[in-house]
Amino acid sequence: MKGKYKVIVRNNKLHYEFEIKRNITIIQGDSATGKTTLINMLRQAENLGESSGVDVLSNVPCRVLEGVSWKLILQNTAGTIFFIDEENAFINTEEFASEVRGSDNYFVLITRENLYNLPYSVEEIYGLYASGRYQNTKKIYQQIRNWNRCQRQTDGWMYVKKQKTDRS
């Protein structure tokens, strides 16, 4: 899979909307911010279909990956966005990381833990925030990127100043 995918998960009380841009996206947040609710809504839609009252709108299938058969499911699925909750211990294993690296799927990992085995970008770590019934994501490390930009500008200025001094 390549590209960006917009995902909307909603029922009559809640509305989640976000864009998945890379193969690994992390959603973090404190307790009671709606992370597990998102997983539960996706699970209901997958298991009960229309009778669940949950709409999942996306150009590609969205599924919850969990349980002991996770590896078998992953190896036999392509072109899917998998949502995985932190309660699944396999997300911290090298075996899972190896399967992710060789997969044609996208992964949304809902966790508060650092996942040292996975190559994910700080640009794709989000937190959930609520505005009424709407749940949206917000980049967590926006401030770090701005600090790095300032740091590069300072380093560049120091380099130019040194060059002028050396030429004199």
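Predicted model: local features only at pLDDT ≥ 70, side-chain atom pairs only at ≥ 80, totals over all residues.
R43 is partly exposed, with a relative accessible area of 21%; here buried means under 20% relative accessible area, exposed over 50%, and partly exposed in between (1.4 Å probe, protein chains only). Residues are numbered from 1 along each chain as its sequence is written, and side-chain values use heavy atoms, with hydrogens and water left out.

**Overall picture**

- The protein has a mean pLDDT of 79, and 73% of its residues reach 70 or more; pLDDT is the predictor's confidence in each residue, from 0 to 100.
- Residues 143-166 are a stretch to read with care, with pLDDT below 50. Beyond near neighbours in sequence, this stretch has 2 contacts in the model, where contact means heavy atoms within 4.5 Å.
- The secondary structure comes to 4 helices and 9 strands. Helices (H or I, at least four residues) and strands (E, at least two) are DSSP runs, numbered from the N terminus.
- Starting at the N terminus, the order of elements is β-β-β-α-β-β-α-β-α-β-β-β-α.
- Of the 168 residues, 36% count as buried.
- Among contacts with a separation of 6 or more, 56% come from residues 24 or more positions apart.

**Helix α1**

- With 14 residues, α1 reaches 20 Å from its first C-alpha to its last, close to the 20 Å expected at 1.5 Å a residue. The expected span is 1.5 Å times one less than the number of residues.
- The buried residues of α1 are K35, L38, I39, M41, L42 and A45. They cover an arc of only 160° around the axis, which puts them on the same side of α1; the arc is that of the directions from the helix axis to the C-beta atoms.
- On the face turned away from this buried side, α1 carries the exposed residues N47 and L48.
- After α1 comes G49, whose phi is positive, near 65°.

**K35, a buried lysine**

- K35 lies in α1, which spans residues 35-48.
- Although buried, K35 has no salt bridge, and the nearest side chain of opposite charge, E86, is 5.1 Å away. For charges, Lys and Arg count as positive and Asp and Glu as negative, while His and the chain ends are not counted.
- Not counting residues up to four places away in sequence, K35 touches I27, Q28, G29, D30, I110, R112 and L128.

**Salt bridges**

- A salt bridge is a side-chain nitrogen of Lys or Arg within 4 Å of a carboxyl oxygen of Asp or Glu, and by this rule the count comes to 6.
- One of them joins E17 and K6 at 3.0 Å, N to O. E17 lies in strand β2 and K6 in strand β1 (residues 5-10), so the pair ties together parts that are 11 residues apart in sequence.
- E17 is partly exposed at 28% relative accessibility, and K6 is partly exposed at 48%.
- E66 counts as partly exposed, at 27% relative accessibility.
- E95 and K71 also meet through their side chains, at 2.9 Å, N to O. This pair links helix α3 (residues 94-101), which holds E95, with helix α2, which holds K71, across 24 residues.
- E95 has 41% relative accessibility and counts as partly exposed; K71, at 28%, is partly exposed too.

**Two buried positions to look at**

- I20 is in strand β2 (residues 15-20) and is buried, with a relative accessible area of 1%.
- I20 and I81 are 61 residues apart in sequence and 8.7 Å apart in space, C-alpha to C-alpha.
- Leaving out residues up to four places away in sequence, I20 touches G3, K4, Y5, V7, T25, I81, Y106 and V108.
- A97 is in helix α3 and counts as buried at 0% relative accessibility.
- Neighbours within four places aside, A97 is in contact with N117 and L118.
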